[in-house]
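Dear colleague,

Please find below the structure that I am handing over to you. My notes on it follow directly after.

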Amino acid sequence: MPSATDVVVGILGSAEAKTQLVNQVYQEVLHRAVDDAAVPGFVAALQQGLTQERFEAILAGSDEYLTLHGGTNDGFVNGIYQDFLNRPAEQSTIDNLDRLLTKRFTREQVALAVDTSAERYTIEVGRVYQTFLGRVPDSTEVAAWVGPLTQGLTINGFVTAVASS
């Protein structure tokens, strides 16, 4: 008989689950439905190891996302803060990230940095606890997960651990 972890891994790794993830991320990041033609490629990439965080950053780093947020670095930074952190960016953050975008970083790199921040993972821990455990995590539980997430544990790995507990 398979373990609870094996069952969760099997479900989360299925084409159906990856298809749902592609649809969800498109809605959350680009605020639209995914093009049918794009689904198989992203599902395959996710099944082969593309992380949810990297996938979100790819979409947020796109020209479409930039256009959706006014076509400027300021609009882009505000967009990723609103979409990933559920809040506007402070002016000092906008200024700092604008300098980085102008000099050496891509939009995808900046989006990935915000998407893999402790603040973003704190939000994600709360969402996963609410979804799978029906409750809000306490501060000790949040800290216990945010550390490993910022050090490389993927959202998928985190969800597997919580859902199989």
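Rings of Phe, Tyr and Trp (its six-membered ring) count as a pair if their centres lie within 6.5 Å; planes under 30 degrees apart are called stacked, over 60 edge-to-face, and the rest tilted. By this rule the structure holds five aromatic pairs. One of them joins Tyr26 and Phe42 edge-to-face, at 6.1 Å centre to centre and with 65 degrees between the planes. Tyr26 belongs to helix 2 (residues 15-30) and Phe42 to helix 3 (residues 39-47), so this pair ties together parts that are 16 residues apart in sequence. Helices here are DSSP runs (H or I, at least four residues), numbered from the N terminus.

Tyr26 also forms a tilted pair with Phe55, at 6.4 Å centre to centre and 50 degrees between the planes. That pair links distant parts of the chain, since Phe55 lies in helix 4 (residues 52-60), 29 residues from Tyr26. Together, Tyr26, Phe42 and Phe55 make up one aromatic cluster. Tyr26 is buried, with a relative accessible area of 5%, and Phe42 is buried at 19%; buried means under 20% (1.4 Å probe, protein chains only).

The model is predicted: local features need pLDDT of at least 70, side-chain atom pairs count only at pLDDT 80 or more, and totals for chains, interfaces and linings use all residues. Residues are numbered from 1 along each chain as its sequence is written, and side-chain values use heavy atoms, leaving out hydrogens and water. The protein chain averages a pLDDT (the predictor's confidence in each residue, from 0 to 100) of 94, and 100% of the residues score at least 70.

Yours sincerely

Conventions: Helix = DSSP H or I, 4+ residues; strand = E, 2+ residues; numbered from the N terminus. Buried < 20%, exposed > 50% of the residue type's maximum accessible area, 1.4 Å probe, protein only.
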